[in-house]
Amino acid sequence: MKTKSFICFLFLLAIIPSFSAFSQKDVFSGEWKLNREKAVYAENQPFLATITVKLKSDSVLINRVYENGNGEQFPFDENMSLDGKDTKIVIYDMPRTSKAIRSKTDGSITIESKTTFNGNNGPDDMTAKETWKVDSEGKTLSIEFVNKMSGIETPGTNTYTKVK
């Protein structure tokens, strides 16, 4: 009888943590479109118009589509672990280093990146810090950001609506 109870105890010990993993909803995955009425962006600068997210327990794959004032689109993919390790990619001849961390307290995702490009005075860096949060209904993604470039800091929050 003791052996049977012990085996049941071990089984419960092994299965209980998986319940908490399954109970965490993946509210980030899907396609998100910028709510342009609430957006913060300069007319002459590209802005993040659409995001497609595939979140896993240990990583996030993001397809970002930037758009300029002429409607031209500039997509790129970014696949990052959620443990804060640097990920390096090249976007349109510009090296980019990014890292992502998922908060254990509120479930938000923080992404920090540095993209090096050739400006008017030679190479320059654009650093960005984004904090991603999804509302309780899972329909609205807000991205609070701080972009720094050439000594100018631009903070703001953009809102995205879930398309699918």
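How many salt bridges does the count come to by the rule used here? The count comes to seven, a salt bridge being a side-chain nitrogen of Lys or Arg within 4 Å of a carboxyl oxygen of Asp or Glu. Some notes on these and on the fold follow.

1. **Ground rules.** This is a predicted model, in which local features need pLDDT of at least 70 and side-chain atom pairs count only at pLDDT 80 or more, while totals for chains, interfaces and linings use all residues. Residues are numbered from 1 along each chain as its sequence is written, and side-chain values use heavy atoms, with hydrogens and water left out.

2. **Overall layout.** The chain's secondary structure comes to one helix and 10 strands; helices (H or I, at least four residues) and strands (E, at least two) are DSSP runs, numbered from the N terminus. Read from the N terminus, the order of elements is α-β-β-β-β-β-β-β-β-β-β. Of the 164 residues in the chain, 31% are buried, where buried means under 20% relative accessible area, exposed over 50%, and partly exposed in between (1.4 Å probe, protein chains only). Among contacts between residues at least 6 apart in sequence, 28% join residues at least 24 apart; contact means heavy atoms within 4.5 Å.

3. **The sheet.** You will find an open sheet of 10 strands, antiparallel in its pairing, with the order β4-β3-β2-β1-β10-β9-β8-β7-β6-β5. Its edge strands are β4 and β5 (87-91), each of which pairs on one side only; two strands pair if DSSP finds at least two bridges between them. On average, and with direction ignored, neighbouring strands of this sheet are turned by 25° against each other. For that angle, axes are lines fitted to C-alpha atoms, for helices over the stretch in contact, and angles run from 0 to 180 degrees between N-to-C directions.

4. Strands β6 and β7 pair in the antiparallel sense over seven bridges, and S98 has S113 in β7 as its bridge partner. The hairpin of these two strands has six residues between them, with G107 at a positive phi near 80°. Next, β7 and β8 run antiparallel and are joined by 11 bridges, with E112 partnered by K129 in β8; their hairpin connects through two residues. Strand β8 (residues 122-134) in turn runs antiparallel to β9 (residues 140-149), with nine bridges between them, and V134 has L141 in β9 as its bridge partner.

5. R64 forms a salt bridge with E78, the closest N and O atoms being 3.2 Å apart. R64 lies in strand β3 (residues 59-67) and E78 in strand β4 (residues 73-81), so this pair ties together parts that are 14 residues apart in sequence. E78 also meets R96 in a salt bridge of 2.7 Å, N to O. Here R96 lies in strand β6 (residues 94-102), so the pair with E78 in β4 ties together parts that are 18 residues apart in sequence. Both R64 and E78 are buried; E78 has a relative accessible area of 1%, and R96 is buried at 4%.

6. D83 and K85 meet through their side chains in a salt bridge of 3.8 Å, N to O. D83 counts as partly exposed at 46% relative accessibility, and K85 is exposed with a relative accessible area of 54%. Salt bridges that share partners join R64, E78, R96 and E130 into one network.

7. **T115, beside R96.** T115 lies in strand β7 (residues 109-119) and is buried, with a relative accessible area of 8%. Its side chain is joined to that of R96 by a polar contact of 3.1 Å. A polar contact is a pair of N or O atoms within 3.5 Å; within protein, one must be able to donate a hydrogen and the other to accept it, and residues adjacent in sequence count only if both atoms are side-chain atoms. Leaving aside neighbours within four places in sequence, T115 is in contact with M94, P95, R96, D124, D125 and M126.

8. **The nonpolar core.** The largest nonpolar core has 22 residues, and those with the most contacts inside it are F28, I51, V60, I109, W132, L141 and Y160. Such a core is a set of buried Ala, Val, Leu, Ile, Met, Phe, Trp, Tyr and Cys residues joined through side-chain atoms within 4.5 Å. At least two of its residues come from each of β1 (30-34), β2 (47-55), β3, β7, β8 and β9, and β2 gives the most, with six. Not counting residues up to four places away in sequence, Y160 touches several residues, including W32, L34, I51, L141 and I143.
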